[in-house]
Every structure is written in C-alpha cells, then in structure tokens.
Amino acid sequence: MKHNIFFKTYKLRRIPVWLLLTLPLSIQAQQAKNEGVDSIGATIINVPFGKQSKQSLTSAISSVSGSSLRKTQTATLSNTLFGRLPGLAAVQTDGEPGYDEGSLYIRGQHTLRDNGYIVLLDGFEIDGFNQITPDEIESVSVLKDAAALAMYGISGANGAILITTRRGVESKKINVTFNARYGVQAPQFMPKLKNSYDYASLYDEALKNDGLPQLYSQKQLDGYKNGTDPYLYPNVNWYDEALKKTSSIQDYTLTFSGGNNFARYFVMGGFMNNSGLYANTDNEYNSNIKFGRYNFRANVDLNLTKSLVAQIDLGGRVEDRKYPANITTADLWRSFATYAPNLYSVYTPDGQLTGTANFPDNPVGRILGRGWDSRHSRDIQARVRLQQKLDAITKGLSVFATATASSTYQSAYYKTRTYAYAEPIVTASASGEDSLYYLQRGVNTDLVVGTSGDTETDRMAAQFGFQYSNTFGKQDVDALVMYQQDKYSVFGDQSAYAKQNIMGRVRYALLQKYYAEVAFSYSGTSNYAPGKRFGFFPALSGGWILSQENFLKHSKALNFLKLRGSIGLAGNDKGASRFSYNQYWEGQSNAYYWGTATSGSAGIIQSALANPDITWERSMMADIGAEARFFKNKLSVEADYFYERRYDGLVNMNDMMPGMSGLTAASYINRAVIHNRGIEFSATYNDRIGSFNYFVGGQFAFIKNKVIASYETPKAESYRYAQGKPIGQRFGLEAIGFFRNELDIASSPTQTFTTVQPGDLKYKDQNNDGIIDINDETAIGKPSVPEINYSFNVGGSYKGFDIEFLFQGNANKSVYLTDYTIVPFVNNATISEWAADGRWTPETSNNATFPRLSTISNQNNYRASSFWVRNIALLRLRNAELGYTLPGKALSRAKIEKLRLFVSAVNLFTSDNLYPNVDPETLSVGYPTLKTYSFGLNLNF
Amino acid sequence: MKNSLFIKNFSFLAVVLLMTSCKRFLEKPVSSDVTLNDVFASKDKTEQALWNVYSTALIYEFPYFYNATDLSHYHYGNHWGLLAIATDEASQGIGNYTGPAYMNVGNWGPSGGNSIKYLEFDSWYCYRGIRNANIFIENVDKSPFSDNEKAAMKAEAIFLRALMHFDLMQRLGGVPIVDQTLKVGSAEDIQGIKVPRSTLKETVDFIVNQCDEAAKNLPNSYESKYRGRIVKGAALALKSRTLLYAASPLWNSNEPYVPVGDAKLREMVGYPSYDVNRWQLAADAAKAVLDWAANESGGCVLYKGLSDYADNYEQIFLSPYVPEIILDAGYGGLTTDNYFIRFMTPGKLVYGGVDPVNHAMTLNYAKFYQKKDGTDQVWDETEGVQYPYSTYKTKLQELDPRFQATVFYSGQEWVKGSGTHYDFYASADKLLDQYNGVGFLRKFVKGAATSKPAPRWITFRLAEFYLNYAEALNEVNGDPNEIVNAVNAIRRRAGMPDISYTNQADMREKIRRERNVEFAFEQQRFFDVRRWKIAGNEGVMKGGMWGLKLNAGGGNPYYTLQKFQSRVWDDKMYLYPFKQEEVDKGYIVQNPGW
C-alpha cells in the first residue's frame, strides 16, 4: 500500500481524536520546514474541538501557523494575516499604534447588517484577538463552510477564526527560545500639499471663480515666494513640523517548554512596544503615541492517571496606550492635512506657540501643549480541561469537561492642560509696510489629572461532552457530542449575553478512501423570545480520495487527489438590538417644561418597535473542493467553490414604513436574501536544487455577493435600488466631464444643486427628465471590500541562509474620495498638489482632473458622483525576510542550539493604480499605514 | 476505584450543570426595563407618558434647537429661523443656510437636499406625536387615576393629536387621519397601515370633532406649576383657527388654487365649492373662545397691565404669566443650551458666537403699521436717493406702539432707559449692520439673555380670536358693530384710535392689516397669506423685498431705499408637497404641481 509521506509519519486514523489534543506536537518541527506552505502542507490542522488530519478533512478550513505570522512585524495580530489564508480578505484602514487592526472578511460580506465573525481561543469565544502575540499561537484556522461551522450553529454563519495556543512537548531538556526584533517605521504615503505662494495664488484664482474680490496683494505673494520673513509670510508644512521621519516598533518574547510523560508545559512572556510619529514630545507635558503590551501564557498538561488528562491554561496581557490629549488622532491628522501653509508660523520669534481666534488649535500645539491621555487594559483568561478515558465502558470512549473564566478591564488616565498662544496680527503702516505684532490669547494652566471610562467584561463558559473514536476493520468512527453554555457580561449592562449549545458530529471513514461527516448544533441565545430561542443547524460533508482508487493509485505524476463537498445551515445572531422581541419603554429626562422651569419634567416613551418574531439570519452554505498533490508531492493544489444563500437577513422595517406610523428608531425584521459565491485557489511548489531548497506558492480568491431581496425605501427610479447589486454599493451621479462654457451649460439639463459655471462637474441625466437631481443617482463603482484577493510567496534556503517574499494584493474594489481629501480652501483649508495641478481652468479644460477651484463648499462638485470614485487594484510586497542561521558547531560550545539572525520588511512597496497618489486603503485620511524595516534574532537553547 | 469515583463526580457535576442552567440560562434577568403594562400601572409613569405626548407633539412652535444629526426638535418654523423670513415679514442678515434662503428663491421641493423636510417641516414628527397620543389615549384607562382625572388627561392627548393634524393640514391640505395606534408586527402589516389621504373636509371635520370631544373634559385652569398645560380654551381656540382656515379662500372656493384634474385630489386640496356658511361656523367658533374667556376661564383677558402701550404689548411675549395666553409652551432649559439667542437676537448684542441669523423686518411689512394717529406713514423714497438718517428715525418713531415693541431699529435703545443708543451704520463690531430691512426683531427676544430660561412660545392668545371673529363675521355680513368692536378692542389695547365700519371689502382689508400688525413674527402671516390666497401678489411672497439701508456717510449718516431681494413664488406652493419618500411608498397622492 502506498501511503503519502505525511500519512506514513503519523498514521493518524488510528489515533483517537482526544489523544491528539494532548499529542506532543513534534509536527512543529515539520511545520517549521514547511513554513509558508502550511495552509496546504500541514498534515494536522486544528478544527473545532480537536485536531484532524488534513487528509480526512471534509470541510473548508484554511490554517496558518503562528511561526508564519511572526514574519510580519506588527503590533496587531490581524495585520499578520494579510495574504496568509485563502478566503480571508484583510484591509488596513488605519496605522495608529494600538488601533491599527485591519478589517477582516471571511468569504466576503454576507449580510446587510452585522458581518462580524466569531473568534475562538482554545474552544471558547473571545472578544478580540488582535493583541495576542504570534509566539503563543500554534495556529490560526479560518472556518469557512457549513461543515466547519456547523457546531457553532446560531453564531457561525459569518465564519469563524479559530486560534489554538501552543502546548508543551515531551522533551529531555527545557527548550528555551528567545525572539527579539527591532523595527523602524515610516509612513507608506504622505499627501503632498502646496506651499504658501501657490496656495495664495490659487486661493485668489478660486475667489475670482466665485466672483469674489481678491485676498492677497502682490506684496504678500512676493513675500511667500521669496520666503524672506517666515513670521510675516509663513510657509508651513504641518506634517514636517509635527512629525518625525520614523517611529519604532520592538518586541521580545521568551518561551520555555518541555516536560515528561507526567507533566508538560509551555510558558511564554512577551513585551512589545510601538511608538508614533510625533516629534519633540517629552512624555511629561505631552506625549507621542505609545503602545506597550505585555503578554503571558502558561499552558500545562498533566497526566493525572493513565486515563485522566488535565489541561490548565492561563493567558493574558496588559496593554497601555498613550497619546496627546483632547483631540482624536483623526482630527489631529485632519488639521495637518487642512491647515493652510500661510495660516501662521509654528512659533513666534520668541518661541511661543501661535494660534488665532478661529484656528486656536495650532497642530504642533495640539501635540505639545495639551498634555496626554492614556488607556490601560488588562485581559486574563483561565481555562481548565479534564478528559477521562472510558475504555472500561467501551473502547475509544472518553468524557471531558472544560471551563473558562475570562475578564477584561479598561480604564483611562489623563493629564491635560491648556497653553497660552500668540495670535499674529498683521497691520499695514502708513508707508505701506506690513508689520506684525502678537496678541496674547489663552492661558497656561497646570496639569489636570483625572480618570475616566472604566469598562469591564467577563465571560464564564463551560463545555461537557463525550468523545468516541474507534476502528472496526476498515472502518473508522469518530464521534463527539457536547453541551456548551456561555455567559458574557458587560459592565453596566443589566442582562448578560447568554448562549447555549448542544452540538455534535460523527465522522465515518472507509478504507481511508471514503469519508463522511454529519455535524449539528442545537443552539440558542437569550436575545430572542421565549420559545423562539433555539435553532437546529445540521451539516453534511464527505470526501473521496480518488488517488487511493486503483485507477489512480499508480499514477506517477499524481500523488494525491481528494474531492470533498459540504452542505448545511448556519445562523447569524448579530445585527439587531437586544431583546427586541419585547416592546420596551424608555425614560426621558427633561421631556417637557412647565412654566419657567429650567429643568423639564421626566417623560417616558415607547422605544423602537418590537418584533416578537425576530430571529437569527440563516445561511444555506454549500462548498465543493479538491485537493491534489503532484510530482512526488512537490506541487500541492487546493481549490474550492462555494455558494451561500443568506436568508431571513435583517432589514430595517422603518425603511418601508409609512411616515404616518410615527415610528422612530430602526426595527429589524428577517426578510433580506443575499447570495454570496466565490472560488478559492491555492498552490505550493517545493523542491530543491542541490542544497538549495525553494518554494513558490500562491493564493487567489474571487468572491461576489448580490442582494436578492432588501426591502428598501421605495424609490422613483429602478436604478436607485440596492437590490440586485452587491452589498454596500455606492450611489451617486454619473459625472460626464466638466462644463466647457456657458453655452454648454445652457444646452445641458439643469443641475439643481447650485448655479453651475464652466469648470464645474457635468452629470448625466439618467431619467431624461431635463433636470439633474438625486433621482439621477445611480450605482457608481465597485464594492468597497475587494472581490479579488490574492497573494503569492517565493522563498528558499541555502546552507544557513533563508529568504522569503510575500506579495499580497487585491482588485475589483472602489474607493471613494471625499471630505477634506477633495475640498480645498473651504474653511481656509489648504490645497493638495494633485488638486492644484489637475484643476480646471479654461486653458486646461481638455485635460483637467479636478473641477475649477472655489472657496465655497460647492454643492454641485463636492457631492457623491462617479468623478470621485476610483476603481483600484493594488499589489504590495507585504513581507520580505532574509535570515541566516549560524552553523551549529560554533554555537554548541555556548550551549546554543540555534541562532538565527534576520532582517525583514513589511509593506516594502505598494503598487496601485490610484490617482491621486495617496494610500489606497486609508486614502491618507487619519494616521497613515506604515512600512517597517526590522532586524532581529531567534535564539534556541 | 479512583476512576469510577471521578466518573461519578464528573457525571454529577454535568447533570447539575445541565439541570440548573437549561431552564433559566437564557431567561432575561429582572431589570429596570419597562413595558406598556408597567407604564400604565403607575400614576407617575402614566403622567410621564403624557408629558412625552406633549414633548413629541412639539407645540413649541419655534426652531429652538439645531443639531445636524438630530432634527427631531423642530418641525415648525424654518431651519434656523422663524417662518416670518419666508414671508414678506422678515429677512435674515447673515448666513444663507436658513430654510428661507431656499424657500424664498423657489429652490425647494419634495426631495433632495432642499427637501421641505429639511427646510421647514417633516410630517413624520407630527405623526410621532400622534402615535404617542394614540398609545396614551388607548391605555390611560388602565391607569390608577380617578375617572375624572383619566378623562381630563385623555382629553389633553386628544387635543394634542388634533393639533398635530392641524399642523399637517395647514401645510398639506387633506392628510391621512391617524386616530389609532398603527400596529406593525411584521413587514406584511406595513401595507395595512398605509392610511390614504382624507379629503380636506374630512380632515377639518375630524379636528373640529376632536376639539369638541376634548373640550368636554378639559379643565379651565391648572395649579400654577403646570403653566402651559392644555385648558378647555385651547380646544376651543384650535377649533376656531381650524374653521377660520377652512372658511378662507384657499380652500373655501369654487376654483382650486391651481388647476386640478383629478376630482379626488381636488377634494384633498380644498372644498369642491364655496359655502358662506363655513364663515358662520368660523365666527361662532371664535365667539365661543371669547365667551369662554369672559365666562369660564377665570381671568383670560386682553392684557392691559402696563401703562405704556408699547411696553404693555411687549410684555405679552416676555412674561409667561400674562392672562391673555391660552396656550404656550416651553422647550426650555437655559438659553446657553439652545439656539434661540443665536437665531433671534440682533447682531452680537446678546449672542457672542459666530454668524447670528439676524431677523429683521422688511419695509414691505413696516408699511402695514399706521402712525400713532391712525393715518398712514408716507413712504415716498425712491431708489438711489440719499435721505438723512434723522428722517429714518422720525418716520419709524411715528409708527404704532406695537411697531416700537416689535422692531429694534437704528438709534434706539436695546434696553429701554439704559441710555445706550445704537446707530447701526457704525456698529460693524456688534454686527448690527448685518441685516436687511428696517430694523431687527425685538418682540420676544428683548428679555433673552444667556443663562436665563428660554422664553415660552405662544400657541394661542386671546387677541387672535377677536380678529378671527371680526374676519369671519365680516364675510357673512354680520353685525357691523360686532365687527368693529372686535377690531377696536385690539387697537385700543395697543393705544391706536378706533376704526369705523365702511363696507365688507374695505373691512376685509382693515381686519387683515390689523392682524398683520398685531401678530407680526408670530407664525401667523405665513399661513394667512396662503389661506387668503394672496401669496402670489407682488411684494407678498413674490418680487421685491425692500429695506432702508443706512450709511455712515463720512459723518453725515443717510439712508437709501434698497431692494435687497427678489423672491420667487409659484402657486403650487400654496400647499407643501408631501415628502417624495412617502409618495414613493405608493399610498399618498401628491399635491398638484409638485
């Protein structure tokens, strides 16, 4: 019998699943070899409530090891997942240390309401996983199809992320690893702004366009141009003044693992520090952004008797964040991007911060003068599991019970102050010379110290069940049935979030060729009406290893071929407000004022309309997949096609409700239908040439959804409906160029938003009624979540050297330029280079890329239209790493088992087709996303 | 055996776990959440529910609160200002973001960014009040109050429901009448609650009927802490105003205000034909208010508390305890918390922030005021000519005491007796030069200051019913003495000489003019020019709006006649359009022309 190498190594089918839970993970060594290919190559993967050989898997699960995630130096776990898991799309929309988590989409978007997935850590749901460090993670699995999600029943339909922590391995000595790295970070993209001279000249051009008098004299323009007097004629780039060129990130972890046949342990301590880009901060009266984190974990396995195994785990972390007080990061970056270069100099000649009555918030002053704010959070999770073999009753039977208690606590502490600033006043003397004096405004105050915003969440959950695993000749049976309850309370909420679940599965294998699995969940939540709380969610899946059949067994090229398929139901209990089955009333303070009272009498009002029948969204999910390996297992390929029909989706009844109902708040009803379908494909090729090992891999996913029924507010024009279009479709007018001249305006349909003039955007009259209004708004652009996500990696090792590149990209998505990225001059805002250079003037009318300039918030131009939509595709070198492992001989004398040095980079380059040249994901709004250059070492004793 | 012991314990634990949890684990724990039964089982909460009907019925007819994300605090009055700005009464000085900035140039309609729901009125807010009233009416009987108390409280809700229907009707014509809580359990129910528009007649009849119903059980007064609570007179007052509107030319006419093809729609936007008896009903209803004041109210009279006529008139709007008031409302708190001061007070005399709205009276409207001797002022200015500032002051000083109390014009004291006179041509620093017209709004706002209680706003005061009575009685050619007595009661109180009866047509003009003068800025004119069907006349809602522009003149201040705006009117605007969203839902017939 010809087994593949993996199978031969482990003979997994003969090992009961429960044992696998405590199986010494010697496969980690194997994984290390297969880094970068582990989503296909790993032989055992973590599945819900157990581990399973990849070969016998009948569901769609992608998995990646913690050691692969370590390759990306970032503070936040979700940012390590980019391009690592087929079917998981990741988009980063913020780069602020401590708050830079990416948005993840498991098989795209599924619903018009809450698309949130569940995250499970060692079998229990957790709040968030972004601050877990890769060093404590054995693997991250993404559960994608009905078979994989079935046991999560009522909460599973949006997908799940399964995190499994590392455990101790039986070993003769204590294995010690020390990982350290230090990275330097710099923004990937910075917006380019015009200087004072250009700003002032263009401002005058805009005034002229608006029919308003000029603001700047020739003398002022000359002053800006010559730059002779930086106080009278300031020319400030606020980014340059407020920011450093680079920031830093560093992390260090120490792990100990080992044990014997009685007890095994994995212990980890980690420290991470990430700082921001703000310059000249002193940490006393002001602060740079700082994010520090301490992670720890101790996982212990005890064989209490020959048949009783205990696991005792404790994990947690401390997070401390600090940042300038009294302003949000978004607003601070908005001020860098919008404050005019000639507004004022940063300081007076005497070094005092400036400001004006209208613009008191000098961006540099906001960072340096106002004190700091901090957030502190603590998170702890304890877990105990006991598993007793019951071979005495029947062979292969065991019983288990698991319990967890976890708690998070957050508090805030601040030290704030205000500062005195000087307002520059320019006066013209009789001789016509401008002169400048400063008016004192504001006061320096002492630091005010305070605390705020304590929050706490707690979770108590338990599981209890039986497992059974046995082999009868050529048949393997593996079954699990269990009960789970989960109570999650939020500080201040009167009612905890409670869930119950009875779930199970039965796997059957015949001849190691034919696999079948039935899984189910009977689960309920407290959110629904009594009697309507529980649902039944079954799934059926099967696999067929064709390569074990005679007709393929002897193929030279094809080493392995499996077909698998699954179908089943899952639910999504998110999206509606809690207990909305019952009609509640809410109190109102100061509802009505009698006489001359300055405080009102209290009132009470009916809350949002109840829906006694409210229930979970349902999904019917189907998946077919194939896995194959060719050429002595050098080439591995996996492909999936899936189809999901989301029905009973939540829609807001108020959208359809006649106004006379007098109803206020949104109330949800299960009516929407959405179809979501896609393909996923991944491949890896491993080979060697002499002592040069190399691998090439790639992943590709194309996922599209369509709203089939959405129950929207009725609209006059059919093209304005979101129904029939992807979730989150944008609507706007279709821009068809600029008005060339008055004749053009006169001969075009009337645009009703404001009086138009040449150089203003011209829109298409979709309904041909002769006027352009909101009824001409049609679907513009593609979804904001990319439909195509792909990545590829290439790497190799030669002697002590190893190298890997991971490219990640996406396509079929649109971004929408809006707000200050496209509106110059309004409220004295500055102007970006691209707006200035592309602006419409009579001379540039043929190749303008921006409307004529205006100092007014132009209702015609700055509104939702296809002009501001950009369909983009991007490709970035997400990761590059070069390592060198020192020869063993040199180290063994120092008792060092292994020492590897490496340099790596994150986001080394990003290539995209977005014009203007701003960050394709954040649009350079808010804190930028960063590129990181790191060096570090891995040390094993 | 160790093992079996473990198994025993283990199984026991598991069974306990399952038993204790399965039953109750998903039950919602006892909480402070309240349901309908809880509300009406308690006196306190029942009362609170009624206060909420008051609150959401929004009888505070003033845009006191502005919040871009929560527009729920106004459905009356223009965005950032009084309705007056959208008539020939007034203009705004600074800012083009008020509702009238769009309405006056005809740039508004049923949908889009300039939808009427953003500019002035969103019918949804009325129906929210109606819903809360209906819930209250249907459930108050469960409450532990006495039968009399229940009947009175129910009558309050019935009145408020009728008032909301009137608000809808005066803007939209015949509207869907919602006299019960519309119940929606699922999407399928929505079709069933799409109540179609009633005819105008049905709407009028409903309001009148409800006023009669409420009047039966409403008290004539309350203890003083409930100043502003609905009395019987309020129900009579609403009935009077409703019947007056119903009898007026816009609706009581053989010809609709614009051609209407559809016979059903015709009846939604007016009576099918003229009936003089509607004026008789209006006269009777107005008389009923006057009779109630005289015989039942316990002291409701035209206010004559102060000897100076101007001060006396001004006091009506400054003191919440003037006996002339039948219904008023506070939306309260302190003025620092609201926009009253920003919208209403002149320049930066009171308000310290950016961009005051600066309500000012137009010259068009100032011309309605006679001189104190009862003759007309001579307004012979022509454009482009400079007239001495002293003439401006003299001409305005000569006008009716009510003008002195209504308008803060240049050269006057803001606080009388303070000795501080403001010359607007020189007052750029207080932004007192930022207005269009003859002078700023003074009525209501003279007493306004930051950190003081926001003024109460009058819904009904007794003076209206004298003029309602005169107007209706004149149309049925009633007793001339009754007509002039009613008008002269108002004039005497203001220190103006009596008028005498001439003929029906002349009296019509005189009564209308008296009404304009008496009720300037009180949200009456906006609807009066509609119901009189005169909005389309030059200088009313259409055409030139005029002011007297001051100039420092290098030491010799002067003024010129200035046409500051040319307004646009289309007869379809006599009634608002329904929101396009509602029309699109397929149950509303849109008003003609929209």
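Predicted model: local features only at pLDDT ≥ 70, side-chain atom pairs only at ≥ 80, totals over all residues.
Biologist: Why is A:T932 called buried?

Modeller: Buried means under 20% relative accessible area, exposed over 50%, and partly exposed in between, with a 1.4 Å probe and protein chains only. A:T932 has 2% relative accessibility, so it counts as buried. This residue lies in strand β42 (residues 930–940) of chain A, strands being DSSP runs of E with at least two residues and helices runs of H or I with at least four, numbered from the N terminus. Contact means heavy atoms within 4.5 Å, and among the residues that A:T932 touches beyond four places in sequence are A:Q73, A:I249 and A:S904.

Biologist: What makes A:N286 buried, and where is its place?

Modeller: The place of A:N286 is in the loop between β12 (263–275) and β13 (290–303) of chain A, and because its relative accessibility is 4%, A:N286 counts as buried. A polar atom of its side chain lies 2.7 Å from the backbone nitrogen of A:D282, and a polar atom of the side chain of A:N286 lies 2.8 Å from the backbone oxygen of A:L368.

Biologist: Is A:T328 buried, exposed or partly exposed, and why?

Modeller: A:T328 has a relative accessible area of 43%, and is therefore partly exposed. It lies in the loop between β14 (308–324) and α10 (329–338) of chain A, and its side chain reaches the backbone nitrogen of A:D331 at 3.0 Å.

Biologist: Why is A:D373 called buried?

Modeller: With a relative accessible area of 14%, A:D373 is buried. Its place is in strand β15 (residues 371–389) of chain A, and the residues it touches beyond four places in sequence include A:R321, A:Y413 and A:Y414.

Biologist: What makes α13 of chain B an element with a capped N-terminal end?

Modeller: A side-chain oxygen of B:D308 lies 3.0 Å from the backbone nitrogen of B:A310, and in this way B:D308 caps that end of α13(B). Within this helix (residues 309–318), the buried residues include B:Y313, B:I316 and B:F317, and their cover includes β3 (325–329) and α19 (480–493) of chain B.

Biologist: How do you know whether the radius of gyration of chain A agrees with that of a compact globule?

Modeller: The radius is taken over C-alpha atoms, and the globule rule is 2.2 Å times the number of residues to the power 0.38. For 941 residues that would be near 30 Å, and chain A has 31 Å, which agrees. Buried residues make up 60% of chain A, which has 15 helices and 42 strands.

Note on methods
Residues numbered from 1 in each chain as written. Chains lettered and ligands numbered in written order. Heavy atoms only, no water. Polar contact = N/O pair within 3.5 Å; in protein donor to acceptor, adjacent residues only side chain to side chain.
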